[in-house]
Amino acid sequence: MFYYEKKLQYPVRVSTCNPMLAKFLIEQYGGADGELAAALRYMNQRYSIPNKVIGLLNDIAMEEFSHLEMIATMVYKLTKDATPEQIKAAGIADHYVDHDRALFYHNAAGVPFTATYIQAKGDPIADLYEDIAAEEKARATYQWIIDLSDDPDLNDGLKFLREREVVHSQRFREAVEILKEEQGKKKFF
Amino acid sequence: MFSQFRYWKPYISPFDPCKPIRVKSYSTPPQLFMGFQPPGLPQFQTPHQALMHGTLWPALFSPYPDPKKGVKPND
């Protein structure tokens, strides 16, 4: 069951009307290493992972949904008032043809989201290593978007999201350490 | 203290079409080195600071882009 708090995890500000940034940001919305893929991956893996780390996967999945919401807000703000001319100039006319100004789960190249982006292998180590890799890839994606964006307010939000990937990666690495510990074994020193 | 970025010099061909980038870098954020987070790690002074950094602990903060970008090693 979900409780919804009607505010964003971190304030989203966009200072310039630059719809082309929306094209880059949509990678984190419906891309392979995006927030949707992350949230669905963890919320699904959580069922078959050892008890000790279920809570971690659950909490991080919830936070990924909050990030998805932030990305959606950024994309929406960048496109909601764009004229067809601006949309053409920004290179997102192919999106407009199919979706108007609505958001859609696809990546920066327009490839629709697919469940094949995520995996649940059932092996806890394999799954957690995938999660660590996913966080590092999302971190890198944020870096490349920051490189392309010249909007300081937007970059502020993106730097926050990048830092959260760092923290999540740290937590998944700790989860691996927890599962590596030999349980119930008598220790001799 | 570990450094948050690594630098390397790629091979530059005399026939490269674009102006070469002589030094390339990549990010090496703190989670690569921390292992289990030690208990009692110092936190940011105020909740607002922590929010703006995206983490409670300065030791887990990773800047981007490289704040030293464009600064010569001796500066």
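This is a predicted model: local features need pLDDT of at least 70, side-chain atom pairs count only at pLDDT 80 or more; totals for chains, interfaces and linings use all residues.

Trainee: Okay, how many helices and strands are in chain A?
Mentor: Chain A has eight helices and zero strands. Those are DSSP runs numbered from the N terminus: H or I with at least four residues for helices, E with at least two for strands.

Trainee: And what does the C-alpha trace span?
Mentor: About 70 × 30 × 30 Å along the principal axes of chain A.

Trainee: How much of chain A is buried?
Mentor: Buried residues are 38% of its 189 residues. Buried means 20 or more other C-beta atoms within 10 Å of the residue's own, exposed means 12 or fewer, and partly exposed is in between, with C-beta atoms placed from the backbone.

Trainee: Which residues of α3(A) are buried?
Mentor: A:Glu35, A:Leu36, A:Ala37, A:Ala38, A:Ala39, A:Arg41, A:Tyr42 and A:Gln45. That's eight of the 11 residues in helix α3 (residues 35-45) of chain A, so the helix is largely enclosed by the rest of the structure.

Trainee: What do they pack against?
Mentor: The buried residues of α3(A) pack against α2 (27-30), α4 (51-79) and α7 of chain A.

Trainee: Let's zoom in on α3(A) and α4(A). At what angle do they pack?
Mentor: About 160°, with their axes 8 Å apart. Axes here are lines fitted to C-alpha atoms, for helices over the stretch in contact, and angles run from 0 to 180 degrees between N-to-C directions. α3(A) and α4(A) are therefore roughly antiparallel, a label for angles over 145 degrees.

Trainee: What kinds of residues make up that contact?
Mentor: By class, the contact of α3(A) with α4(A) has 11 nonpolar, two polar and two charged residues. Ala, Val, Leu, Ile, Met, Phe, Trp, Tyr, Cys and Pro count as nonpolar, Asp, Glu, Lys and Arg as charged, and the others, Gly among them, as polar.

Trainee: New topic: how many residues has the largest nonpolar core?
Mentor: It has 37, and A:Ile71 is among those with the most contacts inside it. Such a core is a set of buried Ala, Val, Leu, Ile, Met, Phe, Trp, Tyr and Cys residues joined through C-beta atoms within 7 Å. The largest share of this core, 10 residues, comes from α4(A).

Trainee: Where is A:Leu56?
Mentor: A:Leu56 is in helix α4 of chain A, and with 20 C-beta neighbours inside 10 Å it counts as buried. Its C-alpha atom is separated by 9.4 Å from that of A:His168, 112 residues apart along the chain. Leaving aside neighbours within four places in sequence, A:Leu56 is in contact with A:Arg171 and A:Ala175; contact means C-beta atoms, placed from the backbone, within 7 Å.

Trainee: Last one: how many residues of chain A are in contact with chain B?
Mentor: 15 residues of chain A, which meet 16 residues of chain B. On the side of chain A that touches chain B, the largest share, 12 residues, comes from α8(A). The residues of that side divide into five nonpolar, three polar and seven charged.

How values were computed:
Residues are numbered from 1 along each chain as its sequence is written. Chains are lettered from A and ligands numbered from 1 in the order in which they are written. Two residues are in contact if their C-beta atoms, placed from the backbone, lie within 7 Å. Angles under 35 degrees count as roughly parallel, over 145 as roughly antiparallel, 65 to 115 as roughly perpendicular and the rest as oblique.
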